[in-house]
Amino acid sequence: QETSKGHQTRSLVATTKLPQPLSQPDIEQEPVSANEPSPTKPLVEQPRARANAQPVVLAITTPQMFAEANRLRRTGRLSDAIRQYAALQKQYPNSAEARVADIALGMLRLQSGWADAALGHFHRYLESSSSGDLAPEARAGEAQALAALGRTGAARRSYSTLLRRYPESAYASAARAKLQVEP
């Protein structure tokens, strides 16, 4: 679904359990295959619920999912943040937030020692948003990941590209320093 601001949403069905006699068994409902997630159609989950449970629909927008992932990252819950960013990308791969999540995921993977996975995220961002607002950050991350993988020549080319395309970026001085220090 899209809100009036054009944000994509996902609906979750929660249940409110009403008091039941102890002898009544739980009824497990199977998910309906027609309820596959998409940016325009809500995901309806059918959790284990009592027969007379009342559904409560909660809408979660892509900006809210992204904000939650950022909050998890800032509070040091890095594994949870990675899962949230990945869930956002899986559910809404064409959203602006999914593209930006590649930068966050790349940095988190790089910090965690997964340079190869980080490189994939930076490349994906650069392929989809080569002149996007975060392209200098993606290029710097790409260079760092390449250096961590021991691909020094490729890292130098990435730093050079960063300087050529974004000479005034926040990453330019670090790129200049790397190019002067490294052989």
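Student: What should I know before I start?

Tutor: This is a predicted model, where local features need pLDDT of at least 70, side-chain atom pairs count only at pLDDT 80 or more, and totals for chains, interfaces and linings use all residues. Residues are numbered from 1 along each chain as its sequence is written, and side-chain values use heavy atoms, with hydrogens and water left out.

Student: How many helices and strands are there, and in which order do the elements run?

Tutor: Helices (H or I, at least four residues) and strands (E, at least two) are DSSP runs, numbered from the N terminus. Here the protein has seven helices and two strands, in the order β-β-α-α-α-α-α-α-α from the N terminus.

Student: At what angle do α3 and α5 pack?

Tutor: Axes are lines fitted to C-alpha atoms, for helices over the stretch in contact, and angles run from 0 to 180 degrees between N-to-C directions. Helix α3 (residues 96-111) and helix α5 (residues 135-148) pack at about 25 degrees, with axes 10 Å apart. That makes α3 roughly parallel to α5 (angles under 35 degrees count as roughly parallel).

Student: Which residues of α3 and α5 meet?

Tutor: Contact means heavy atoms within 4.5 Å. From α3 come Ile103, Met107 and Leu110, which meet Glu137, Ala138, Gly141, Gln144 and Ala145 of α5.

Student: How many residues are in the largest nonpolar core?

Tutor: A nonpolar core is a set of buried Ala, Val, Leu, Ile, Met, Phe, Trp, Tyr and Cys residues joined through side-chain atoms within 4.5 Å, and buried means under 20% relative accessible area (1.4 Å probe, protein chains only). The largest core has 16 residues, with Ile103, Leu110 and Phe122 among those having the most contacts inside it. Helices α3, α4 (115-128), α5 and α6 (152-165) each supply at least two residues of this core, and α4 gives the most, with six.

Student: What does phenylalanine 122 touch?

Tutor: Setting aside residues up to four places away in sequence, phenylalanine 122 touches Ile103, Gly106, Met107, Leu110, Ala138, Gly141 and Glu142. A second, separate core of 13 residues includes Phe66, Ala69, Ala101 and Ala104.

Student: Is histidine 121 buried or exposed?

Tutor: Histidine 121 lies in helix α4 and is buried, with a relative accessible area of 10%. Leaving aside neighbours within four places in sequence, histidine 121 is in contact with Gln89, Asp102, Leu105, Gly106 and Arg109. Across the protein, buried residues make up 37% of the 183 residues.

Notes: Angles under 35 degrees count as roughly parallel, over 145 as roughly antiparallel, 65 to 115 as roughly perpendicular and the rest as oblique. Buried means under 20% relative accessible area, exposed over 50%, partly exposed in between (1.4 Å probe, protein chains only).
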